[in-house]
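This report considers how copies of a chain are arranged relative to one another and how they meet. The account starts with symmetry and then turns to an interface.

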There are 4 protein chains.
Amino acid sequence: VKRKKISELATAYSNTEDPLVRSRVEDQLRQSLQPSYYWLFQKIGALPGGVKFLVDFRAQLISFCLSNLEIERTSALKSMSSQLKQLLSHWFSVGFLDLDQITWDSPCSMLQKISDYEAVHPMRNWTDLKARVGPYRRCFVYTHKSMPGEPIVVLHVALTEEIPESISKVVKHHRMVKKYSVDSHQSSGSKTGREGEDPSSCEAAIFYSITSTQTGLQGIELGTQLIKQAVQKLKEELPDLNQFCTLSPIPGFRKWLLILLQTAKRDGKTLAQTDLLTIDEAEKWQGLIKMAGNLQESDLGLGTLIQLVKTNSWMEDQNLIAFLEQPLMRLCARYLYLEKRRSNALDSVANFHLRNGAVLWRLNWEGDRSVRGLTNSCGIMVNYKYVLDDLEPNSTNYQENHKVKASEQVIHLASQAKVLQRKLSL
Amino acid sequence: VKRKKISELATAYSNTEDPLVRSRVEDQLRQSLQPSYYWLFQKIGALPGGVKFLVDFRAQLISFCLSNLEIERTSALKSMSSQLKQLLSHWFSVGFLDLDQITWDSPCSMLQKISDYEAVHPMRNWTDLKARVGPYRRCFVYTHKSMPGEPIVVLHVALTEEIPESISKVVKHHRMVKKYSVDSHQSSGSKTGREGEDPSSCEAAIFYSITSTQTGLQGIELGTQLIKQAVQKLKEELPDLNQFCTLSPIPGFRKWLLILLQTAKRDGKTLAQTDLLTIDEAEKWQGLIKMAGNLQESDLGLGTLIQLVKTNSWMEDQNLIAFLEQPLMRLCARYLYLEKRRSNALDSVANFHLRNGAVLWRLNWEGDRSVRGLTNSCGIMVNYKYVLDDLEPNSTNYQENHKVKASEQVIHLASQAKVLQRKLSL
Amino acid sequence: VKRKKISELATAYSNTEDPLVRSRVEDQLRQSLQPSYYWLFQKIGALPGGVKFLVDFRAQLISFCLSNLEIERTSALKSMSSQLKQLLSHWFSVGFLDLDQITWDSPCSMLQKISDYEAVHPMRNWTDLKARVGPYRRCFVYTHKSMPGEPIVVLHVALTEEIPESISKVVKHHRMVKKYSVDSHQSSGSKTGREGEDPSSCEAAIFYSITSTQTGLQGIELGTQLIKQAVQKLKEELPDLNQFCTLSPIPGFRKWLLILLQTAKRDGKTLAQTDLLTIDEAEKWQGLIKMAGNLQESDLGLGTLIQLVKTNSWMEDQNLIAFLEQPLMRLCARYLYLEKRRSNALDSVANFHLRNGAVLWRLNWEGDRSVRGLTNSCGIMVNYKYVLDDLEPNSTNYQENHKVKASEQVIHLASQAKVLQRKLSL
Amino acid sequence: VKRKKISELATAYSNTEDPLVRSRVEDQLRQSLQPSYYWLFQKIGALPGGVKFLVDFRAQLISFCLSNLEIERTSALKSMSSQLKQLLSHWFSVGFLDLDQITWDSPCSMLQKISDYEAVHPMRNWTDLKARVGPYRRCFVYTHKSMPGEPIVVLHVALTEEIPESISKVVKHHRMVKKYSVDSHQSSGSKTGREGEDPSSCEAAIFYSITSTQTGLQGIELGTQLIKQAVQKLKEELPDLNQFCTLSPIPGFRKWLLILLQTAKRDGKTLAQTDLLTIDEAEKWQGLIKMAGNLQESDLGLGTLIQLVKTNSWMEDQNLIAFLEQPLMRLCARYLYLEKRRSNALDSVANFHLRNGAVLWRLNWEGDRSVRGLTNSCGIMVNYKYVLDDLEPNSTNYQENHKVKASEQVIHLASQAKVLQRKLSL
């Protein structure tokens, strides 16, 4: 029935040139295109607990659509999810979110949730958690009136003397801080996170973990705002702080790399014939794995490389580590800086920070040697630098011109990768 | 350009039957129909003070459209106002409004605003204001995170022993209450409004004033919700309270009456020939005004009636008052119960309460003898009764079937008016 | 019975030299000297509302003792009042008082109380009150957990460009400020008192009114602490502020002056024979009042002077005003700087500020031309200056050595008065 | 010097009979007996952090006096501690303490402190802690303005269906509750402790742990008030709750018992010759330990009993447990009900609850089988019952007439013990 109405209006629209009529038909079309459940959602949202219900409902929609691939079935649900997203985006507009700083004086229930939600660098226990809200640490969350006690987005910040190369440095610093924490605790029983800190050793603020907790709010970008508000808060508290930087994972690198390697293998190429290694490197690789007794004659090292990367076992051999640093760093620069999907960075985390206007600043070899780090990105981590005055132009440039702002290190590595690619395409 | 896009999509929609294609085109249409300023408004709303700015902006749009009657100029602005209204309706959804009870312990700035905004029964001074938040009085407001310290809607309630017939009774009760207030103040220095009250004399809650303060939120119905939440709060505080009723003005009655009278005059009718007075009444009227030396021969009393109603001067003559009670009450019942605009009650206040599901309960002769009251409605006031369990069905019945639920008194008066109308149309 | 116990202990104490025994007897004496109602008061204080009850009870004790002069009756009550004072001084220790800044956003009930309690410069209406908590004004109060909503001490501060000479200048500035207030109100609907202020024109903070509201806390000095905390708060808010000064009444001057004059009259002296006027002045006075036809031959002007001062009528004659400035200012300096009671300044307000360590800084002729001002001090007002670093030494010097720190103006005037006194005593 | 003054005043007091003079001398004596540090303490208390400093200072005084037994050295310090106690008792008067209910939404820092301070039944981890503030549990604390974030006294309450006999039952119930907690957490993310509770199974409120955290407040009884306020709060929340009862340790029982046993041994008595066992029991005991091969001929079982009690090893043998129940319960009743120190119950916990007016209600064999429980009281625990209307008379009766209100069970056991004592003394 409603489709008929839309159809009539569409026809009417096509058949007139009168702007006043058009304007009226536009209004009617707009109204008719609003699905009836839209009004229902609005009603539900006005009930106590209704907003939370809709957020959870959308999370279920999304998960259902992901696990059901028949387009006929899911297209209506996707449309519903998209309508719901629009409604939720109004309700979760920045002005309705409360920025809270979480400290050891925050409610236990809140801290427990922050611990439960932490996906990037999980916490082992309450001592660990206490350290993450203690001296030289800041933890910011967004909360929302409609979901009391629930952290919507969580951002962890470390205050350091210099931009760290590896997450374990942040963790080590952690331990040092724990000592501080204990001391200051005993001497003064202080309440703010600042106690026991030496402001002069707070040169850089490192965003080392950011988590959106609500699947139902997918696509509504709150993390960007949280980072910006956190930067502002930190500037107010520590006016001398002037470096803002992430220490970020590269979730898709190893997966992307393995696809390249396996495609090459399927195509019957040798390593030297790919754009992944230089000819010199390919030869050196053969020597290395021959020594290690690993060479499978048939593929001249490609299969072995796949195997080693897949199992993360190259990390057990210092020679392999030393050799792989250059090619993997180069390929990672290519992955982050050159690989695109619909003109955006292929890597989702990269895309997030670049859209915010951050600079692709430094790749860190052995940045995260945990199993998680190796499986994500062969242990490489990356710093995205937030230079406040440049965020706006960078962001526009990235979104409109698809230009990525990167440091010399990254550009240099990526250009080496490009040479190999070009060589191949000749 | 965009119209071209819409036009193309409209054509495409008309030309296909495939549901999947339709669904996709619908999405695209929806997107294209969203005017570009919609996104701008969203951006503004996310800025500090942005929501308040948009509310004020819409107030300006509305006032501009009211004072500019050329449709070409205002149609785009009206459309903008309507889009803005939709956005604001999301942001001012009930879940985002805070219900506050205002007492003498509330901020002075808030109380001053409540005094400034009070349009229905203006306050003369702070003693008056103190009485309105004191014993036997409740004052509820909605506030909104984005407009701190601003009462969005204000509802004044009086707790009385019986449903009052006139606003001055509420005011007299006021004075009595002021005495209470002083006593309780001196004896206990109490903080809550309840002190000094005798719960057993709180039989009825009278909503004697409700004000929406933001022109920019016109069309977004918040008053209904405020009344409902207030009823709930009052039930919690005083479980024995079981009558909820307004004492309301009838803002359009006299204006409507004068139009009827003047049309009759223009048409050269005598009073006896109209459906306003019975023939007996018309005769009696002539006698009355002859006695008073007021009769203009030419119109047999119609002109004099118009003059007296226009100037409110009939209130100065007890005979006129006594005579006019019956016809004016009958006409007022006709105005409220029978007169419609697009199937709704013609009177805006009546429409508001009937849509909420209230009962048109009692007309009160000399309910408000102030100039304001006479000018609105020849001094008549009306009680709308809120019977909790009936609100939902009444509201549906009114909105869908255009049935008004009224008391016997009102129905009786209106049926007398109907007889006169019918007589005339024969 | 108890007296017997004390007597025994007293004898025991006198009869021993053993320090251990003495120490034990001291403890017992201390215990026995504690009157039984002391424990009762403690019990009462622990009950809800108990502290407030005891404060009011002490107020009644004080008022009863003032109106009953028979020492036998009141000595026990005075002792009780003094015990109660000690207990209350523990409960109203500074750490238990909350410093609140009162603004237009504070509860109406609090603002009303502040208005009611204001004794120094009474407020006429709510507009006046709003101005006193508006821009260029600060209002601080102490509140106490046991008396919620009750301002214990109230301090009014004006922020000015220079130290004002008269209270009406503060009031005029008031009017100017009211304009500001309106403007800032309309433009921004701001919440803090600071809006609409130009910090660069806040050079001096003038304490123009301080009121202790609880008679029952008489003798427990809270005003001093409130001033000190207010200074600290103001320094935090306006770091450039560096002058802190009162504009104070001189409540006892005229009364003291009239006693001197009347004594002289009773002693049959002429004005020239007193130490109040110089011989030249006395002659000039005779001339002046002869001109005005006021001279009573018998007393050569003394009776007329008494009469004029008593009725404040000298204020109506410019010649008298001009003539009296010098002698009254000189006598006022003598009153404030030289007159003592038990080594303290005779004037209670002077004693309060000098004990706080303030400087007796400037006498202001025609500082307060209101009836109140004339009746207190022939219209003279005085500034006490609070120089933060000097407060401690000044205070000690005043309390231990009875030295008053005063400005050159005051010392000069007082030395002239001294010359007259000495002349007389020769 | 001051002693001279006191001495003079004491002499003056002894030598006069005039009540007015006496009264004046009393005032002077009172003043002179106030040591000079009393004023210093008052000054310190007015400084920020001063009260906390004095509490800690008194804690050090107490600990120093405990570890230094020379009376000459400590008498002055004891006097100082006593003066300080008086001052602190004013500042920590009930009206100045805030009653807070601690839940999982309370600050982590507060919950950590509660966990750290818990001495009676230590917590193993955060899950344990969460259970203690979760469903069927209440945790109340007193806090004080001068020591923010510090729990002064902590009271743990369990809501149960019947009065539990053993602490492990409370713990088992704990586990059951944990399940509830998890369920309710997942289903509703509720905030209050009440969620997931069935009010109808809350028949009794068990005070199973009360801890005063500040040594410096020793002798200032805050626990009593906390229990009373907690009872009031619980009655408000659960009006049907009507049993209030402790499950308390008996800290001094085993120590007292061992002294009795060792004295008997030193005196060369046999068990049968003591008033600890009946002759039958003594014989049976010999048989039992003979069987176990434990008998030392020399003392006919006394030494073995001492040994077993000292090492808690009797708990490993069911026969010994079964045998010892009767004599140990009897002796424990004697310890709690009959043994006195200065007319008060010898056991400090008993004395606390009896002074509050509670009833010595039930001894529970194997109430606490933990090492702690065995070492305190051979595993016996005791319930003190708080019958609200009887508290006042019971308390007075205990404090003035030294009468202990006990249940039949306790009286019966104690009378058996008395028979043995009497037999011996014949």
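## Chains A and D

In this predicted model, chain A is superposed on chain D by a rotation of 180° with 0.2 Å of shift along its axis, at an RMSD of 0.1 Å. The two copies are thus related as by a two-fold rotation axis. The same surface serves both of them, since 100% of the contact residues of chain A recur in chain D.

## Chains B and A

For chain B and chain A, the superposing rotation is 179°, with 0.0 Å of shift along its axis and an RMSD of 0.1 Å. Among the residues of chain B, B:Ala10 comes closest to this rotation axis, its C-alpha lying at 2.2 Å.

About 3500 Å² of area is buried between chain B and chain A, with carbon and sulfur atoms giving 54% of it.

## Polar pairs and composition

Two salt bridges are found across the interface of chain B and chain A; in a salt bridge between B:Lys145 and A:Asp98, the side chains meet at 2.7 Å, N to O. Ten residue pairs are in polar contact between chain B and chain A, counting pairs with both residues at pLDDT 80 or more.

Technical notes: Residues numbered from 1 in each chain as written. Chains lettered and ligands numbered in written order. Predicted model: local features only at pLDDT ≥ 70, side-chain atom pairs only at ≥ 80, totals over all residues. Heavy atoms only, no water. Least-squares fit on C-alpha atoms with pLDDT ≥ 70 in both. Contact = heavy atoms within 4.5 Å. Buried area = accessible area lost by both parts, 1.4 Å probe. Salt bridge = Lys/Arg side-chain N within 4 Å of Asp/Glu carboxyl O. Polar contact = N/O pair within 3.5 Å; in protein donor to acceptor, adjacent residues only side chain to side chain.
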